[in-house]
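I opened this entry to look up side-chain contacts.

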Amino acid sequence: MPTRSEEMLMDLWMSLLLVWITCVPSVSMTPITGQSRSTQTGGSAAMASGLGEGQRLLSRTKRGWVWNQMFVLEEFSGPDPILVGRLHTDLDVGNKNIKYVLAGEGAGTIFAINELTGDIHAMKRLDREEKAEYTLTAQVINADTDEPLEPPSEFIIKVQDINDNPPQFLQGPYRASVAEMSAVGTSVTTVTATDADDPVYGNSAKLVYSILQGQPYFSVDPNSATIKVALNDMDREMRDEYLVVIQAKDMGGHMGGLSGTTSLTVTLIDINDNPPKFSKNLYEFVIPEDLPLGKMGGKVKANDRDYGDNAKSTYSIIEGDDQGVFEIVTDTQTQEGILKLKKPLDYETKKAYTLKVEATNILPGHSSTAHFKDTATVKIAVDDSDEPPVFSKSMYLLDVNENAPINTVIGTVNARDPDSSKNTVRYFIDRHTDLERQFNINVDDGKITLAKPLDRETDMWHNITVTATEVGNHSPISRAIVAIRVMDINDNAPEFATEYEAFLCENGKPGQVIQTISAVDKDDPVQGHYFNYRLVPEMLNNPNFTIKNNQDNSISVLAKHDTFRRQKQEMYFLPIIVTDNGHPPMSSTNTLTIRVCGCSKDGIVQSCNVEAYVLPIGLSMGALIAILACIILLLVIVVLFVTLRRHKNEPLIIKDDEDVRENIIRYDDEGGGEEDTEAFDIATLQNPDGINGYLPRKDIKPDLQFMPRAESLLAFRNREETFW
């Protein structure tokens with residue numbers, strides 16, 4: 001039985017033979033428009049020359065090539081080059097010296113032409129998937145001179161496909177997901193393969209898809225490669241992942257076709273198809289009655305087989321908590337219901353509780369809008385504890401006057417033992433909140449008394465903490481805050497708001513406001529402050545100044561005349577009495593200092609000193625400073641000049657640390673020359689200072705050896721004068 005390649009090769013040669021039979025007669029009969037013009041033969045030329053003038057030979061242009069398209073089978077690997085086709089021209093009659101020439105894509109490398117016969121052979125194995133066709137140019141030239149005998153003509157060699165490439169899934173392996181419980185036929189995904197073979201020629205690229213693994217859960221459309229659900233009620237809680245192997249086969253799936261496979265992992269997406277379920281129908285807890293509010297008393301849990309948000313539930317108390325003592329919240333990490341206290345427990349009041357707790361899915365079920373639920377019973381037993389005393393109030397507010405005497409009762413705090421034993425309660429002040437020990441408390445009845453005097457202006461509020469414990473059991477302690485407000489009394493006199501110092505211009509006008517004065521008071525009366533200002537009695541008839549009430553707790557000081565002069569009086573003192581409106585009224589005397597100053601025409605103060613009057617008229621302070629600077633500069637110049645003059649007149653003084661006595665020569669003695677060793681001591685010359693700075697000289701009398709340098713010189717001078 002012949003193979004498929006041999007059959008395709010036979011078909012190709014039959015097609016070429018039919019083309020040859022069909023095209024050769026038509027070329028000699030039908031002109032081809034747009035084709036290259038062939039060279040005229042010798043016989044035709046002779047016929048054309050034999051016609052008379054005026055007669056024209058009508059001739060057609062004949063196509064010189066037998067075909068312009070050839071085919072070659074890909075992947076042909078015979079021992080000899082494969083014949084692709086033959087070129088032929090009308091000039092080739094057997095007695096012409098012609099040669100065929102081939103140019104274009106692959107000429108000389110892939111394709112070779114027989115110069116004499118025009119046969120074209122494929123020299124290499126061709127692959128259609130690399131290149132499907134080649135465009136070449138053929139021409140007939142003179143074999144001797146290489147001159148073209150016809151214009152070049154272009155033709156195409158097409159590579160015919162064979163089924164040599166299997167289908168490939170380029171994007172595989174694949175992953176997809178579909179909701180659990182999906183209906184049969186629900187589309188999951190589409191996986192497609194590609195085939196490099198020619199999709200036009202034959203069935204080499206016609207693919208058919210099938211499932212090799214994954215049935216009966218999934219199916220595939222053989223043409224579109226769409227994966228679909230093939231089984232009802234696939235439950236994620238039973239199995240959440242499936243592996244599907246898909247095959248693509250070419251040749252329409254027939255025998256002999258090539259195939260390729262890929263894998264598809266299908267994950268089932270969770271839906272809310274399972275209700276929450278408590279692990280137990282009954283939970284029992286024992287909670288101490290002193291459990292702090294907000295603390296956990298127990299926890300319950302409803303399990304849900306679903307995943308993610310579908311498994312989340314909320315918890316609530318639906319029965320048994322009419323007083324709102326408990327609350328249940330959801331732990332988002334563990335999905336547990338945490339039972340907490342909203343109100344304190346009291347064993348003496350109620351010893352047990354029975355609650356009904358419900359767990360509800362956050363999301364509704366997939367088959368309806370209803371939410372899945374489950375319930376459980378919770379029984380709580382209250383455990384009796386030794387509770388600390390309970391104050392009647394968590395905070396007390398007490399008032400006391402700042403002038404209250406020592407041991408004054410400020411107020412009382414009260415606490416009781418909530419236990420059935422009803423033990424006696426003792427009271428104490430937490431001294432960390434009363435470091436100055438200004439208050440005391442009676443340990444038996446809780447009365448708070450004053451221990452030290454209070455001053456509202458120093459501390460308006462005192463916050464202390466009172467503790468209560470049971471007699472015989474000091475472990476449980478309760479605390480209460482006591483805020484003590486110090487009430488004000490009028491015990492401070494008003495005074496000036498600041499140390500005022502007023503300035504009055506000599507050229508001021510009568511009635512001119514010199515200073516506006518206000519007062520302050522450390523007290524804080526309920527009705528507010530009102531101050532009364534007046535001059536001291538001995539200043540009521542003051543001829544220089546007066547005061548005016550501004551009706552806003554301030555006054556203005558006014559000048560009565562315009563004859564103020566600094567040389568007459570430079571400063572005035574005005575005592576003013578300030579009185580408040582308290583009970584009893586408090587007052588103080590404050591003194592205002594008023595300076596008389598020289599001012600400009602605009603009333604701007606320039607100088608307030610009496611010495612300013614000795615200055616010439618019109619001489620400003622800046623001019624005075626400039627004059628003073630010039631005087632100082634002149635003095636400096638004079639001092640420098642005198643110093644330089646003194647230095648010029650001073651004689652030159654030899655300031656040498658060497659001993660001057662070494663250079664003194666006695667004129668009354670005659671030297672003995674070089675052999676005289678008594679005149680100078682060689683050791684002295686080498687060390688002029690000697691051991692202590694002086695060495696005895698042999699040529700100097702003993703009475704002059706240890707004189708000071710100046711006296712020694714003077715003595716030598718005297719001797720010289722005597723000598724001369």
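My notes on these contacts follow.

**Ground rules.** I am working on a predicted model, where local features need pLDDT of at least 70 and side-chain atom pairs count only at pLDDT 80 or more, while totals for chains, interfaces and linings use all residues. Residues are numbered from 1 along each chain as its sequence is written, and side-chain values use heavy atoms, with hydrogens and water left out.

**Aromatic pairs.** I searched the whole structure and got 14 aromatic pairs. The rule takes rings of Phe, Tyr and Trp (its six-membered ring) with centres within 6.5 Å; planes under 30 degrees apart are stacked, over 60 edge-to-face, and the rest tilted. I looked at F545 and F564: their ring centres are 5.4 Å apart and the planes are at 20°, so this pair is stacked. F545 belongs to strand β36 (residues 545-549) and F564 to the loop between β37 (554-559) and β38 (571-579), so the pair ties together parts 19 residues apart in sequence. Helices (H or I, at least four residues) and strands (E, at least two) are DSSP runs, numbered from the N terminus.

I then checked burial, with buried meaning under 20% relative accessible area, exposed over 50%, and partly exposed in between (1.4 Å probe, protein chains only). F545 is buried at 2%, and F564 is buried at 1%. F564 also pairs with Y572, edge-to-face, at 5.6 Å centre to centre and 85° between the planes. Y572 is buried too, with a relative accessible area of 10%.

Elsewhere I noted a cluster in which ring pairs link F278, Y283, F285 and Y315.

**Charges over rings.** Here I required NZ of Lys or CZ of Arg within 6 Å of the ring centre and within 35 degrees of the ring normal. The charged end of R239 sits over the ring of Y217, 5.5 Å from the centre. For K351 the ring is that of Y347, and the distance to its centre is 4.8 Å.

**Salt bridges.** I counted 16 salt bridges, each being a side-chain nitrogen of Lys or Arg within 4 Å of a carboxyl oxygen of Asp or Glu.

- E105 and K131 meet at 3.7 Å, N to O. E105 is in the loop between β3 (98-104) and β4 (111-113), and K131 is in the loop between β5 (119-122) and β6 (133-142), 26 residues apart. E105 is partly exposed at 33%, and K131 is partly exposed at 31%.
- R175 and E241 have their closest N and O atoms 3.2 Å apart. R175 lies in strand β8 (residues 174-179) and E241 in strand β13 (residues 241-249), so the pair ties together parts 66 residues apart in sequence. R175 is exposed at 59%, whereas E241 is partly exposed at 41%.
- E506 and R566 have their closest N and O atoms 3.6 Å apart. E506 is in the loop between β33 (501-505) and β34 (513-520), and R566 is in the loop between β37 and β38, 60 residues apart. Are E506 and R566 buried or exposed? Both are buried.

I also recorded a network of salt bridges linking R236, E237 and D270.

**Surface patch.** L628, I632, V636 and L640 make a nonpolar surface patch of about 380 Å². Patch residues have over 30% relative accessible area and no salt bridge; like charges are joined within 9 Å, nonpolar side chains (Val, Leu, Ile, Met, Phe, Trp, Tyr) within 5 Å. Accessible areas come from the Shrake-Rupley method with a 1.4 Å probe; for residues, only the protein chains shown count as cover. I placed I632 in helix α3 (residues 621-649). I632 is partly exposed, with a relative accessible area of 47%.
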